[in-house]
Amino acid sequence: MSISLTFPDGAKRDYEDGVTPLAVADGISKSLAKKVVAAKLDGQWWDLTRPIAQNAKFELVMRDSADGLEVLRHDAAHVLAQAVQELFPGTQVTIGPVVEDGFYYDFAREEAFSTDDFERIEKRMREIVDADLPIAREVWDRDEAIAHFNGIGETFKAQIIDDIIPPGEAITVYRQGTDWKDLCRGPHLPSTGRLGKAFKLMKLAGAYWRGDSNNQQLQRIYGTAWADEKQLEEYLKRLEEAEKRDHRKLGRQMDLFHMQEEGRGMVFWHEKGLTLWRTIEAYMRRRLEAAGYVEVRTPQVLDRVFWEKSGHWENYRANMFVCETVEGEELSLKPMNCPGHVQIFKFGQKSYRDLPLRMAEFGACHRYEPSGALHGLMRVRAFTQDDAHIFCREDQIEDEVARFITLANSVHEDFGLTRDHIALGTRPEQRAGADDFWDKTEAQLLNAARKAGVEPVIAEGDGAFYAPKLDFQLKDAIGRIWTCGTIQNDYVLPERLGAEYVGEDGQKHRPVMLHRAILGSLERFIGVIIENYAGSFPLWLAPVQIIVATITQDADDYARDVAKTFKAAGLRVELDLRNEKVGYKVREHSLAKIPLIAVVGRKEAEERKVALRRLGGEAQQALSLEGAAEALAVEALAPDLARAR
RNA sequence: GCCGCCAUAGCUCAGCUGGUAGAGCACCUGAUUUGUAAUCAGGGGGUCGGGGGUUCGAGUCCCUCUGGCGGCACCA
């Protein structure tokens with residue numbers, strides 16, 4: 001009997017029935033057999049040592065491919081689990097999946113692990129790799145498996161079989177060496193030696209069993225694993241690079257902002273940081289005005305009664321900062337701007353002619369976020385949204401959403417961020433409204449996105465409790481994904497707060513409300529762009545755009561002139577007249593990531609010129625003062641103004 | 001909020017097994033007037049996050065609180 005395997009390039013080859021992928025690889029070349037980690041049979045994972053008994057499409061998975069890395073990482077998780085169980089008897093294993101760049105394993109153990117244990121664990125892992133233990137796939141009877149795992153005290157594993165694996169699906173157990181085994185879907189390497197040693201334990205964390213904070217807390221050990229040492233090193237280097245971009249670090253170094261313990265999750269914006277803020281805000285105002293928005297401002301603190309009406313007291317109380325006055329009133333800082341905007345909408349009578357009404361606010365909101373959620377500028381308790389609500393008729397939704405997507409794309413691009421994808425967050429488990437309402441609203445967003453030429457990626461259950469949403473997932477300069485920008489179609493709040501307009505038919509109608517933000521919050525967005533640009537802002541955003549640095553005091557008067565000229569041209573300029581060498585000044589301002597340095601000495605003073613040096617470059621340009629001011633003023637224009645020119 | 005780790009000068013960090021603190025940068029003063037990534041010399045600066053305990057003696061060990069970091073949970 002022979003079987004026929006079809007390779008990815010279309011070639012067909014015949015093999016003996018029961019041939020293993022490893023034997024197939026070996027038959028092709030020895031070096032290939034060394035690098036292969038698993039196979040795919042008709043697209044299904046297949047262990048290298050598992051006999052093949054049917055004709056199939058066949059694919060070998062190499063260790064340095066994306067699929068191959070997944071296999072390696074999964075094996076690394078198992079090796080970790082075995083090492084931990086050997087070193088710390090009594091520890092139960094739970095789950096150990098592959099994640100981006102690595103893997104983790106969750107353990108249940110009375111005593112806490114410490115990162116000090118990592119060295120020992122890694123050492124044991126290496127021993128397991130050196131021992132080259134065979135890994136064998138076994139198919140078990142469901143009840144026997146449950147009984148077995150319960151019998152050896154691995155109750156979590158038993159629970160997985162009982163609760164998670166659908167009846168009828170094969171229960172596979174992988175045996176690693178003689179005694180150690182783990183319930184696993186596979187595939188796995190033929191033996192532990194093939195894993196190699198390009199792995200490293202990274203961090204220790206708490207995690208809840210099955211992701212539910214009501215469940216037992218487990219101890220999670222994260223690790224990373226790669227095809228070879230070189231890849232591992234590259235990965236570690238990448239982490240270092242990301243660390244250098246950390247907005248918290250750069251924020252301090254560049255004197256942009258700070259935070260302190262008396263105001264957790266609150267930002268003290270320093271002069272330079274606020275300059276950045278105001279530049280972005282001014283830009284957004286122009287973009288919004290051009291897109292037909294009006295700007296409003298609503299109160300910071302409102303009575304409890306108001307929040308009861310809006311539904312926030314019921315649904316959002318835990319996140320609200322509530323205070324009581326001496327007269328006994330209960331007030332809350334606004335956690336959102338939407339109810340306030342509805343009040344403005346309701347003021348006076350609105351007609352269908354007023355729609356769509358696009359109402360924007362740089363709205364300062366306060367939300368009590370759980371302490372563990374706080375993270376620099378990315379997650380704060382006081383923040384300013386570039387918020388707007390579009391009041392419109394149902395038949396205007398698609399058009400408005402499409403217009404919004406176009407606007408948001410353009411804004412994001414202006415900040416050097418490219419869109420990775422748009423996510424459509426669909427109905428969450430806990431939600432308001434009937435299913436047909438969700439069918440309708442989800443379809444609206446989907447169609448609107450398509451109308452704008454975008455195919456959203458569905459994020460199941462990720463919607464708000466009152467409406468589905470589109471979230472913009474942006475990629476930064478080093479490929480990290482950030483969520484900035486969202487739009488939601490809300491039928492609930494206009495209803496609750498009684499917003500209405502007079503239609504063409506003279507009757508009162510309920511408008512739909514589109515909640516939308518392009519940046520999200522100014523705080524978070526500034527955090528994102530600090531990391532995106534690694535602090536080296538493009539000229540239009542740089543808090544200080546140009547430094548005028550003197551060589552000797554002879555040039556002081558001229559330098560003041562130069563600074564004045566640049567300032568008059570609209571540039572943000574600082575003067576450095578210190579009695580220091582130019583090399584010192586250049587170094588210092590370069591480290592501070594100032595985009596331009598205009599060096600002036602006696603020669604420049606005499607010729608009324610500047611020697612211009614750009615950040616990152618070594619060349620200098622000798623330019624006339626007036627010419628430089630004019631050219632730089634144009635160069636420093638915000639992207640929208642540059643386009644309009 | 002939960003789990004783990006961490007907290008020493010403005011910043012980055014050193015301080016072995018307990019014997020009352022140190023470096024570099026920054027800052028201040030003086031000298032130097034300098035041509036594109038660090039001029040030299042001197043000086044000031046820390047109740048070692050707060051509180052409690054063990055000890056003859058605590059930056060160091062223990063407890064506790066506060067905050068930070070990494071995850072988890074949360075994220076309109």
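**Stop one: a sheet and its helices**

Select helix α3 (residues 66-87) to find it lying across β3, β4 and β5, at about 115 degrees to β3. Helices (H or I, at least four residues) and strands (E, at least two) are DSSP runs numbered from the N terminus, while angles run from 0 to 180 degrees between N-to-C directions of axes fitted to C-alpha atoms, for helices over the stretch in contact. This is a predicted model in which local features need pLDDT of at least 70, side-chain atom pairs count only at pLDDT 80 or more, and totals for chains, interfaces and linings use all residues. Residues are numbered from 1 along each chain as its sequence is written, chains are lettered from A and ligands numbered from 1 in the order written, and side-chain values use heavy atoms, without hydrogens and water.

Now show the open sheet of five strands, ordered β2-β1-β5-β3-β4 with mixed pairing; two strands pair if DSSP finds at least two bridges between them. β2 (12-16) and β4 (44-46) are the edge strands, each with a single partner, so one side of each has no neighbour in the sheet.

Next, pick β1 (residues 2-6) and β5 (residues 56-62), which run parallel and are joined by two bridges. Leu5 has Ala56 of β5 as its bridge partner.

**Stop two: Gln545**

Jump to Gln545, in the loop between α16 (522-533) and β29 (546-550). Gln545 counts as buried because its relative accessibility is 2% (buried means under 20% relative accessible area, exposed over 50%, partly exposed in between, with a 1.4 Å probe and protein chains only). A polar atom of its side chain lies 2.8 Å from the backbone oxygen of Leu539.

Definitions and conventions. Polar contact = N/O pair within 3.5 Å; in protein donor to acceptor, adjacent residues only side chain to side chain. Contact = heavy atoms within 4.5 Å.
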